Amino acid sequence: YEVQVEAFDGHSREYLRAGRSFYLFSSKMPKGLSQLQKDLLRYYMDIRYVADEKSKDIYHELEDWPSRMVFLRSFWQSIDPSPSTDVNERLVEHVLRMGQADRRFYPGKDRQGSDTDRGRVFVQLGPPDDVDYHTYAAGQKPYEVWIYEQQGRHEFVFRDRTGDGVYDLVHSTYPGEVFNPYWSQEF
């Protein structure tokens with residue numbers, strides 16, 4: 001909501017106006033939202049790929065909707081690369097990446113594209129600098145190698161193990177990710 005207060009001082013003939021936005025929160029998800037609004041709210045609330053473990057723990061311990069929304073507002077402000085602007089560029093980037101991941105890597109079933117390994121990496125690091133695609137070959141399952149060059153050269157190898165179009169991360173040179181230099185010997 002927006003509230004605006006206007007005041008006129010008859011003696012000094014001074015006219016003042018001030019406005020402020022405010023939000024009302026229910027203990028439940030708002031009803032009557034469009035699908036786009038639901039998706040944007042879900043992306044805003046999904047911090048699992050951008051928050052550190054401590055922030056995720058705090059967030060998940062919060063029991064009600066208003067507390068979570070207050071936390072999220074503070075969280076997104078804390079990682080805004082240019083807090084003096086009206087737009088939180090990191091939040092916008094996150095929302096765009098989540099939407100792209102959901103569309104590009106949608107596995108069907110009961111999962112979102114952002115829930116897949118490719119979706120997770122895409123949300124965390126953005127689009128790769130290069131992709132090496134490998135389709136079915138004799139005795140090999142399809143795989144993709146994503147290459148990131150931002151902070152040194154890192155590779156992510158995703159393989160379609162079951163032939164259903166969902167690619168699992170089988171090897172990466174990125175710190176903290178699965179490391180399996182013998183991934184190509186799997187069948």
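In helix H3, residues Trp 65, Met 69, Phe 71, Leu 72, Phe 75 and Trp 76 are buried (under 20% relative accessible area; exposed is over 50% and partly exposed lies in between, with a 1.4 Å probe and protein chains only). Seen down the axis of H3, these buried residues fall within an arc of 165°, so they line one face of the helix; the arc is that of the directions from the helix axis to the C-beta atoms. This is a predicted model, in which local features need pLDDT of at least 70 and side-chain atom pairs count only at pLDDT 80 or more, while totals for chains, interfaces and linings use all residues. Residues are numbered from 1 along each chain as its sequence is written, and side-chain values use heavy atoms, leaving out hydrogens and water.

**Helix H3**

- Helices (H or I, at least four residues) and strands (E, at least two) are DSSP runs, numbered from the N terminus.
- H3 covers residues 65-78, and its 14 residues reach 20 Å from the first C-alpha to the last, close to the expected 20 Å (1.5 Å times one less than the number of residues).
- On the other side of H3, Val 70 and Ser 78 are exposed.
- The buried residues of H3 are covered by elements including helix H1 (35-45), helix H2 (53-61) and helix H4 (89-104).

**Salt bridges**

- A salt bridge is a side-chain nitrogen of Lys or Arg within 4 Å of a carboxyl oxygen of Asp or Glu, and by this rule the count comes to 9.
- Glu 144 forms a salt bridge with Arg 118, with the closest N and O atoms 3.1 Å apart.
- This pair links distant parts of the chain, since Glu 144 is in strand E4 (residues 143-148) and Arg 118 is in helix H5 (residues 117-125), 26 residues apart.
- Both Glu 144 and Arg 118 are buried.
- Arg 120 and Glu 177 form another salt bridge, with the closest N and O atoms 2.8 Å apart.

- Asp 160 is buried yet has no salt bridge, and the nearest side chain of opposite charge, Lys 141, is 7.4 Å away (Lys and Arg count as positive, Asp and Glu as negative; His and the chain ends are not counted).
- Arg 161 is partly exposed, with a relative accessible area of 35%.
- Leaving aside neighbours within four places in sequence, Arg 161 is in contact (heavy atoms within 4.5 Å) with Lys 141, Val 166, Asp 168, Val 170 and Glu 186.
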